[in-house]
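Please find below a colleague's note on the model under review. It is set out as numbered points, to be read beside the coordinates.

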Amino acid sequence: MKRVFGAKKKEPPPSIEDASDKINKRGETVDEKISKLDVELSRYKEQIKKTRPGPAQEVVKARAMRVLKQKRMYEGQRDMLYNQTFNLDQVSFAAEGVKDAQQTMSALKSANMELKGMMKTVKIQDIDNLQDEMMDLMDVSNEIQETLGRSYNVPDDIDEEDLMGELDALEADMGFETEADGVPSYLQPDKEPDLDAELNLPSAPTGQTAAPGRSNAQAKDELGLPTVPRAYIRD
């Protein structure tokens, strides 16, 4: 019979995503039914409030109980569907984790092989030799810079003791200029120029007049310097 009619092809098993989508759709249908029952129950509650106690009220209560039982049944189905969806989600997460782990292992193996190939071309000894050569080249470069930076005007036979003596003398001069006024000479303010001296004007006359017949010339000694008057002691 199989040869004549052929064997039925086996359908592939549903995937986790397909099964989850199908269950979610059933859950949405159940939720719609529960919503309709809630509307019907609210209507019965209003009728019970408006109806007086008696046979009419009991009939409304019986209808409300029937609707409430249907609601509880649909709620149980909805909870069961939610549990199934939760289980499928857990399986899906686990499967995705395994796929991620496989991809990670594949990437690590590829990187490991590539790293091994690169390490074969790089040797520690070659790096050390390169570092030594770089140090030698830097030393040679420093020597060249020092040679080119020499001064041609400075003689080689300068005595360091003479230089230190000149430096001490310079410091002494600077200290003397500082002690004069507490401020170095190069920091002191400029003096005002003497306009009378620049214009060669005669000095102003003083209140004392010279005695007649006496010359204003002052006596000078053998070197041409003015003599200092001496005090005479009377006997």
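The points that follow go from the whole chain to single residues.

1. Basis of the note. This is a predicted model, in which local features need pLDDT of at least 70 and side-chain atom pairs count only at pLDDT 80 or more, while totals for chains, interfaces and linings use all residues. Residues are numbered from 1 along each chain as its sequence is written, and side-chain values use heavy atoms, with hydrogens and water left out.

2. Confidence. The mean pLDDT (the predictor's confidence in each residue, from 0 to 100) of the protein chain is 75, and 66% of its residues reach 70 or more. Over residues 207-217 the pLDDT falls below 50, and beyond near neighbours in sequence this stretch has one contact in the model; contact means heavy atoms within 4.5 Å. Where pLDDT is low, the predicted coordinates should not be read in detail.

3. Overall make-up. The protein chain has six helices and zero strands, where helices (H or I, at least four residues) and strands (E, at least two) are DSSP runs numbered from the N terminus. Of its 235 residues, 8% count as buried; buried means under 20% relative accessible area, exposed over 50%, and partly exposed in between (1.4 Å probe, protein chains only). The chain exposes about 22,300 Å², of which carbon and sulfur atoms supply 56%; accessible areas come from the Shrake-Rupley method with a 1.4 Å probe, and for residues only the protein chains shown count as cover. Among contacts between residues at least 6 apart in sequence, 59% join residues at least 24 apart.

4. Salt bridges. A salt bridge is a side-chain nitrogen of Lys or Arg within 4 Å of a carboxyl oxygen of Asp or Glu, and by this rule the count comes to three. D31 pairs with R78, the closest N and O atoms being 3.4 Å apart. Because D31 lies in helix 2 and R78 in helix 3, this pair ties together parts that are 47 residues apart in sequence. D31 is partly exposed at 22% relative accessibility, and R78 is partly exposed at 23%.

5. D38 and K71 meet in a salt bridge at 2.6 Å, N to O. D38 belongs to helix 2 and K71 to helix 3, so the pair ties together parts that are 33 residues apart in sequence. E75 and K71 also form a salt bridge, at 4.0 Å, N to O; being four residues apart in helix 3, they are separated by about one helical turn. D38 is partly exposed at 31% relative accessibility, whereas K71 is buried at 18%.

6. Buried positions. L37, in helix 2 (residues 16-50), is buried at 8% relative accessibility. Leaving aside neighbours within four places in sequence, L37 is in contact with V67, Q70, K71 and Y74. Q57, in helix 3 (residues 55-121), is buried at 10%; with the same exclusion of neighbours within four places, Q57 is in contact with I48, T51 and R52.

7. A side-chain to backbone approach. T147 is found in helix 4 (residues 124-148) and counts as partly exposed at 42% relative accessibility. The T147 side chain reaches the backbone oxygen of E143 at 2.8 Å.

Key
A polar contact is a pair of N or O atoms within 3.5 Å; within protein, one must be able to donate a hydrogen and the other to accept it, and residues adjacent in sequence count only if both atoms are side-chain atoms.
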